[in-house]
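Trainee: Hi! I have a new model open and could use a guide. Could you walk me through it?

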Amino acid sequence: MMPDMIVDEETSGRAEGPYLRKVMLGEFPGLGGDVEFTLGRRRTILVGRNGAGKSLLVDGLWLGAWAPLRTTESPRAAPQVFACEVGTDDGSTIAYRYRVGAQESDDAFDAELGEVFDALSERGELLQTWEEHCWELATDRTSWRIEGAQLFIGDAPAIKIAAGIGLLELPDMPRPTHAATLERVLRGVRRVSTPDTDGARDEVLVGSRLHRGHRRWVQPSPGRVNRLATVLMNRWEQMRTHYDEFCAAVQDLRLARDVTVNTYRDPRTRDDIAELRFDGINLGYLSEGTLRVLEILVTLLQPSTRVLLIEEPEMAVHPGLLERLLAVIDAHSLDRQIVVSTHSPQVVNWGHPEDLRLVERDSNATTVRPLADEDVASVVRHLQDFDLADLVFRRERT
Amino acid sequence: MVGGTRRPRIGLIAEDRTDCETLVVLIRRVAEVQIGIDQYPADGCGALRRKAAKWLALMASDGCEAAILVHDLDRDPNNHELNDEGALRRRLADIAVPNGLRRLICVPVEELEAWFWSDPALIERVGRGRGKASTSPHSIRQPKEQLQRLSAEANGKPRYNTNHNAELARSLDLERCASRCPAFRELRDFVRGLVGG
């Protein structure tokens with residue numbers, strides 16, 4: 001399972017680093033066809049009516065980015081075709097594309113295999129093929145390519161590999177040029193989706209277990225609040241600098257003056273148990289809006305985050321808090337890309353005209369486009385009297 | 001000069017809540033006396049212009065003696081040149097002001113954060129010894145982003161964000177800022193005039 005939020009190694013967030021310039025999602029149910037869109041270096045703001053496809057774009061980008069890193073477990077849910085362009089610090093652009101397909105057979109066991117395929121397909125376990133290609137855009141020079149369970153690195157002879165696996169998941173394989181850069185970007189794609197809460201609140205306690213001599217905090221049961229608590233506890237345990245940074249941001253946003261971790265020893269099992277309290281209140285009892293902002297903060301501040309996808313950051317958040325949150329996000333967009341989908345005029349006004357991507361649905365297909373030059377000119381004219389949001393949400397042109 | 005022994009009350013209109021909070025700190029420091037401030041943060045400059053007339057009327061009815069209207073001088077997104085300050089001031093001056101309400105139109109160049117660039121000690125604090133204050137902060141492009149970058153270079157990540165502006169304003173060298181930033185000088189002189197300084 002791909003995590004929304006991952007605790008990982010400490011890395012410096014200082015360098016501006018590689019970034020996503022363009023993405024193409026193909027064969028992703030609901031979009032109605034291939035969708036391609038560009039991303040801003042710092043901010044991308046997806047706006048459009050309900051049902052236009054904004055959430056699908058966020059899901060597709062997240063699933064598509066992670067699919068090459070989890071080829072053995074996730075591709076069926078991901079876009080079956082995904083392509084992206086990655087800008088690098090030296091000014092070059094890396095292009096990458098994968099395609100997921102079903103296993104084909106042309107030998108004498110066709111019929112028998114066909115039955116196996118049918119059974120697997122019914123159980124959602126159909127064997128897959130995986131094709132991918134990475135190349136440098138300007139020179140068209142291939143870095144590596146996987147086709148028919150064969151790996152081609154540059155001009156070297158083909159290497160036979162297991163079917164359905166991408167290079168970034170192959171162990172003990174020399175990494176060709178650009179693989180590390182691509183992996184850094186794809187692995188750095190994080191998502192904070194809209195909450196699916198049933199409204200029930202309960203105290204959250206996180207248990208621990210020893211892992212290679214170190215204490216690891218383990219998610220007690222599924223659910224976003226439990227996951228958030230576990231991520232924070234592991235950050236407290238292993239990445240104290242980043243945990244302190246999170247606490248400072250919480251104070252900055254006036255969410256709480258005091259964040260405390262209380263640990264206990266279960267007398268029966270002798271396991272450690274921990275809880276997080278915000279001004280004395282257990283994490284599980286915090287308001288929906290507060291939890292949402294905490295989720296965004298913890299993901300934003302994660303050192304390895306390169307591209308943060310946030311669905312409707314305004315949801316359940318007071319406008320004053322949203323303004324303060326956007327200020328924090330804005331500062332961190334110096335070295336990571338922020339992609340938000342929104343219905344909020346406040347979020348739209350936070351951006352610049354060039355950050356906007358209009359998501360539209362026509363003939364059952366989703367399209368994405370930046371503001372055209374004439375739109376930008378119109379925005380400039382109208383900004384004398386209106387805001388960007390007035391033009392995006394209020395104006396109808398037919 | 002406003003009011004005898006009564007605590008002076010002014011209205012403040014700015015483009016967002018962060019600017020309002022920062023300006024409140026600066027106005028109170030300049031005034032050096034207890035002063036009441038009614039804050040009207042707009043959500044952007046368009047909203048500010050649309051709502052200003054009604055807010056000014058509200059201030060007058062709520063007993064404010066003066067109003068301060070702060071509007072950034074933005075850049076044209078097409079050519080990145082600063083907009084015409086005279087034209088902006090004329091537009092803002094056209095907004096009706098109730099009788100008896102004194103008004104200041106304050107136009108920081110590009111962003112309020114430019115004022116912080118006037119103070120060497122403050123820049124040293126943000127940049128942990130890096131960075132250099134400017135004798136003409138209004139000539140700095142994207143002063144807010146420059147502060148973020150300075151902070152990121154010094155700390156490995158951008159610890160500064162605009163939520164810190166009010167805190168920075170508490171230690172801003174007011175005299176140096178007034179000498180280097182014409183918009184702040186106007187604000188200082190207006191507030192001092194109100195409180196009889």
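Mentor: Happy to. Keep in mind that this is a predicted model. Let's begin with one residue, Ala180(A), which sits in helix 3 of chain A, residues 179-187.

Trainee: Okay, found it. Is Ala180(A) buried or exposed?

Mentor: Ala180(A) counts as exposed, because it has 11 C-beta neighbours inside 10 Å. The cut-off for exposed is 12 or fewer.

Trainee: And how far is the C-alpha atom of Ala180(A) from that of Leu168(A)?

Mentor: Those two C-alpha atoms are separated by 8.7 Å, and the residues are 12 apart along the chain.

Trainee: Let me zoom out. How many helices and strands are there in chain A?

Mentor: Chain A has 10 helices and 19 strands. Of its 398 residues, 41% are buried.

Trainee: What about contacts along the chain? Which share in chain A comes from residues 24 or more positions apart?

Mentor: Taking the contacts in chain A with a separation of 6 or more, 67% are between residues 24 or more positions apart.

Trainee: How is chain A divided into domains?

Mentor: Domain 1 of chain A covers 19-188 + 306-398, and domain 2 covers 198-303. Where they touch, 13 residues of domain 1 are in contact with 10 residues of domain 2.

Trainee: Which elements of domain 1 give two or more residues to that side?

Mentor: Strand 16 of chain A, residues 307-311, and helix 7 of chain A do. Helix 7 gives the most, with 6 residues. By class, the domain 1 side that touches domain 2 has 10 nonpolar, 2 polar and 1 charged residues.

Trainee: Tell me about helix 7 of chain A, then. How does its axis sit against that of helix 6 of chain A?

Mentor: Helix 6 of chain A spans residues 288-300 and helix 7 of chain A spans residues 319-332; their axes come within 11 Å and cross at roughly 10°. That angle is under 35 degrees, so helix 6 of chain A is roughly parallel to helix 7 of chain A.

Trainee: Which residues meet there?

Mentor: From helix 6 of chain A you have Val293(A), Ile296(A) and Leu300(A), and they meet Leu321(A), Leu325(A), Ile329(A) and His332(A) of helix 7 of chain A. By class, this contact has 6 nonpolar, 1 polar and no charged residues.

Trainee: Now the two chains. How many residues does each one bring to the contact?

Mentor: Chain A brings 27 residues and chain B brings 21. On the chain A side, helix 7, helix 8 (345-350) and helix 9 (373-382) each supply at least two residues. Helix 7 of chain A gives the most to this side, with 8 residues.

Trainee: And the classes on the chain A side?

Mentor: The side of chain A that touches chain B has 11 nonpolar, 7 polar and 9 charged residues.

Trainee: Over to chain B. Which domains is it divided into?

Mentor: Domain 1 of chain B is 9-111 + 180-192 and domain 2 is 113-165. Their C-alpha centres lie 23 Å apart. In chain B, 9 residues of domain 1 are in contact with 13 residues of domain 2, and the domain 1 side divides into 4 nonpolar, 2 polar and 3 charged.

Trainee: What about helix 1 and helix 8 of chain B? At what angle do they cross?

Mentor: Helix 1 of chain B (residues 17-31) and helix 8 of chain B (residues 182-195) have axes that come within 9 Å and cross at roughly 50°. That makes helix 1 of chain B oblique to helix 8 of chain B. The crossing of these two helices of chain B is right-handed. Ile27(B), Val30(B) and Ala31(B) of helix 1 make the contact with Arg188(B), Val191(B), Arg192(B) and Val195(B) of helix 8.

Trainee: One last topic: backbone angles. What is phi of Ala149(A)?

Mentor: Phi of Ala149(A) is near 55°, a positive value in a residue other than glycine. Most residues other than glycine have a negative phi. Ala149(A) is in the loop between strand 7 and strand 8 of chain A, and it counts as partly exposed, with 17 C-beta neighbours inside 10 Å.

Trainee: And what is phi of Asp279(A)?

Mentor: Asp279(A) has a positive phi of about 50°, and it is not a glycine. Asp279(A) is in the loop between strand 14 and strand 15 of chain A. With 12 C-beta neighbours inside 10 Å, Asp279(A) counts as exposed.

Terms used
Residues are numbered from 1 along each chain as its sequence is written. Chains are lettered from A and ligands numbered from 1 in the order in which they are written. This is a predicted model: local features need pLDDT of at least 70, side-chain atom pairs count only at pLDDT 80 or more; totals for chains, interfaces and linings use all residues. Axes are lines fitted to C-alpha atoms, for helices over the stretch in contact, and angles run from 0 to 180 degrees between N-to-C directions. Helices (H or I, at least four residues) and strands (E, at least two) are DSSP runs, numbered from the N terminus. Angles under 35 degrees count as roughly parallel, over 145 as roughly antiparallel, 65 to 115 as roughly perpendicular and the rest as oblique. Two residues are in contact if their C-beta atoms, placed from the backbone, lie within 7 Å. Ala, Val, Leu, Ile, Met, Phe, Trp, Tyr, Cys and Pro count as nonpolar, Asp, Glu, Lys and Arg as charged, and the others, Gly among them, as polar. A residue is buried if 20 or more other C-beta atoms lie within 10 Å of its own, exposed if 12 or fewer, and partly exposed in between; C-beta atoms are placed from the backbone. Domain bounds come from an automatic or database domain assignment. A crossing is left-handed if the near helix is turned anticlockwise from the far one by less than a right angle, and right-handed if clockwise.
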